[in-house]
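Subject: Structure for your review

Dear colleague,

Please find below the structure I am handing over to you. My findings follow directly after it.

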Amino acid sequence: MARYTLWMITVLTLCLSFSYAQNGRLTGKITDADNGQGLAAVNIVLSETLGGTSDAEGRYNLDVPPGSYQVSFIYIGYEEVKRNVEIAAGQTRRLNVAMNTEAVEGEIVVVSAGKFEQDLGELTVSMEVLQPRMIENKNTTSMDEILDQVPGVSIVDNEPQIRSGSGFSFGAGSRVMILIDDLPILSGDAGRPTWGFFPVENVEQVEVIKGASSVLYGSAALNGVINVRTAYPRGEPKTKVSFFSGFYGDPKDEAAKYWEKTPIVNGANFLHSRIINNFDVMIGGSFLADQGHLGPFERTEINEAGELVKIPYEETYDPFEVNRADAATRGRISVNLRHRNPNIVGLDYGVNTSWQKAQSVSTLLWDSIGVDLYRPFEGAATTSKQTIGYIDPFINYVSPQGTKYSFRGRFSRLNNDNDNDQANSSNVYFGELQVHQNFAPVGIEGMNLTTGVMGMFTDGESELYSGGNPDGSNSAENVAWYAQLDQKLFDRLNISGGMRLEKFAINDSSESKPVFRAGVNYRLGVGTFLRASYGQGYRFPSIAEKFIQTQAGFVVVYPNDTLRSETSWNAEAGIKQGFQIADFRGFLDLAYFHQEYDDYIEFTFGGWGGFTDPLFGFGFKSLNTGKSRVTGLDVSLIGQGKIGGVDFQTLTGYTYTKPVSLTPDFVYARETSGGREVTYLSTSSDTTDHILKYRLRHILRADLELNYNRFLIGTSYRYTSFMDNIDLAFIEFDDDPDDPNDGFNPLTSGIVEWRRDNNGGNHIFDMRLGYNFSDRHRLAIVINNLFNKEYSVRPLVIESTRKTVLQYSTTF
């Protein structure tokens, strides 16, 4: 028996050896055509069952049966390379490949418009792109700082507006979907982003879609999408560390400075990325201690006798003391891990995670203009200890037929421990299964189908949301199916169409609705693209909008459990022109847009409570305010490259909007006390042309950076026009010195006088200068609000004074 077993093993070994000898070998190296660096994790496909991936240095070594093959080399961000090769038994065939970055007339490739890679010029929608160099060189510590530099985008007191699609909602609800790596990052209960949580040290690209995008991204994408795409390692290991330290300038009016110590800011970012065999590893993080531009404030507490007493403020430079009205201290760690399966071509899987601990103070209202401009209104400053994080498992598989299967999950946790009995916490469970089919491998060139299903569940708990369940616990569910088909015809015409069916539920109420979109792009000539699109939008109210019940200083907010969803449609026509001057390439884009809304949701002031309630029952509540419309023009320029040995990068744009109420006489509520009719006309400070509240009609953004030899110089410019219309209550309750007989004045903020003296808009300049001592070391100075302009975007909130920061970066 043992002899028979030995004989069988010998025969089997000889057979295997003979079989191995009949195979050939395909080997080589894959490099970047521009810099010659090896490209790791390139997919190499010979047939449905045969292929492999390149290693960390771009090398590959495949054992293949003899025969003729068309070998495909596929790598995200690069043009696919195909080579015909014939391999004989026992032959080793060497095939080196240099891959070019995938781009057409402008070298900008995006994924957010269709959830697959497309050239920017061929999109059927308007999109702006932020490159990581600008984020780093402006010493960005919070993502809203850099987004405020994007044409058509404005951040109004932490809330994103795209083309005047939103007003101000006191942090409840968003009409712009915010994503990190295609996954929603808005808080599950309020629909609010935490801008300081974004991984600014590891950004591949930021893509901003302007216009309704609900088909692919759901309810919150009523006005657009902001997608922050993080990077994975490529080629050689890289470690980058930056340190910065700076200070805030004094107010222009010396009398407004009631503190002694200059507020300072310190922080650090780090990133390490490398490829270990078939693993892609990225570890990053940041630390920030920012005292902010506002002054210190007195806290209140209840003493042993049960009395409410004030605690005098103490000025300190302790980075962990948060005792000024705009201060923040936070630390974050992020890890991305991906494994490329060596045995199954096109399969990768992994997990991304990021967690942050923070403590900060947010201020809703200034005290008054003049000497108290940088002092918070009593009771309007909230100190919060925050924990936020997510865990994202994912699986991707690309078949040889060009089908990509993708599962992405996310568990996210947000806990805000506030000092004013307004603590809130929420858990979000998200999952999405998506299939993308490129039909080129089966003979249909230019066709791409994206379809998927998603589900999201949120459970939230907070005393803030006692307008729902009395104990403050509420839940929300969202499930959806979507599909979009993109077809390229005649190498000139791109047609896109899609639909989404979505169902929402909050507690016991639910609703479902389909939305549709269509678009066309025609390449008129070399680098000239005409486009038109139509899209529907649909947004279900957030838990906060329906159930919030709170007070912060003068502002009292009431719940509205009968709030309905809002709908919209958006139409756009545009032209994009690619250009090249020497080695400088870019796009010039012009677009006209028209968006209409029904059951538009706005925070509205009125008498929603009883006489014994705070402020005699007056406050704000989310209401459906009827129909509205936003029309306008958008022009932008994006470009990068060299002219005469100088490296240029620019992002510039101007946006004009006319946001109006179409139903100014519509009675959308009656006050609880007195029964007064509430309309647009009765609640607006300026009804001229029926302009909607809290809108910026003219926005101009410009950023230019030049690099020559070892020197860097850059400048940014932001203009926002005067905010024509705000809540009438802020005007009526103010004590106007020019009108001594103006009646009841519970909020002596000086807002009337401020708006009268500052009605010309805001011109803000930033500057940055840098010097590279070597390829690894750079020193830079970054100055925001260069001329120390004293300005306000959202009334009753004063923006930052001049901030000067010294930044040191090293790469190894």
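In β6, the bridge partner of G67 is I87. That pair belongs to the contact between β5, residues 67-74, and β6, where seven bridges hold the two strands in the antiparallel sense. Both strands are part of an open, antiparallel sheet of four strands in the order β3-β2-β5-β6. Its edges are β3 (51-53) and β6 (81-87); each has a single partner strand, so one side of each lacks a neighbour in the sheet. From one strand to the next, the twist of this sheet averages 20°.

Please bear in mind that the model is predicted. The average pLDDT of the protein is 87, and 94% of the residues score at least 70. The exception I would draw to your attention is residues 1-21, where the pLDDT is below 50 and the model shows four contacts beyond near neighbours in sequence. Where pLDDT is low, predicted coordinates should not be read in detail.

Strand β35 (residues 566-581) runs antiparallel to β36 (residues 584-598), and 15 bridges join them. One of the positions along this pairing is A571, which lies opposite H594 in β36. The two strands form a hairpin with two residues between them, and A582 in the turn has a positive phi of about 55°. Strand β36 also pairs with β39 (residues 628-643), in the antiparallel sense and over 13 bridges. In that pairing, F593 has G632 of β39 as its bridge partner.

Finally, a surface feature. F243, I713, L769, F773, L779, I781, L806 and Y808 make up a nonpolar patch on the surface, and together they have about 690 Å² of accessible area. Strands β46 (777-784) and β47 (803-811) each supply at least two of the patch residues. I781, for instance, is located in strand β46.

Yours sincerely

Technical notes:
Residues are numbered from 1 along each chain as its sequence is written. This is a predicted model: local features need pLDDT of at least 70, side-chain atom pairs count only at pLDDT 80 or more; totals for chains, interfaces and linings use all residues. Side-chain values use heavy atoms; hydrogens and water are left out. Two strands pair if DSSP finds at least two bridges between them. Axes are lines fitted to C-alpha atoms, for helices over the stretch in contact, and angles run from 0 to 180 degrees between N-to-C directions. pLDDT is the predictor's confidence in each residue, from 0 to 100. Contact means heavy atoms within 4.5 Å. Patches are made of residues with over 30% relative accessible area and no salt bridge: like charges are joined within 9 Å, nonpolar side chains (Val, Leu, Ile, Met, Phe, Trp, Tyr) within 5 Å. Accessible areas come from the Shrake-Rupley method with a 1.4 Å probe; for residues, only the protein chains shown count as cover. A salt bridge is a side-chain nitrogen of Lys or Arg within 4 Å of a carboxyl oxygen of Asp or Glu.
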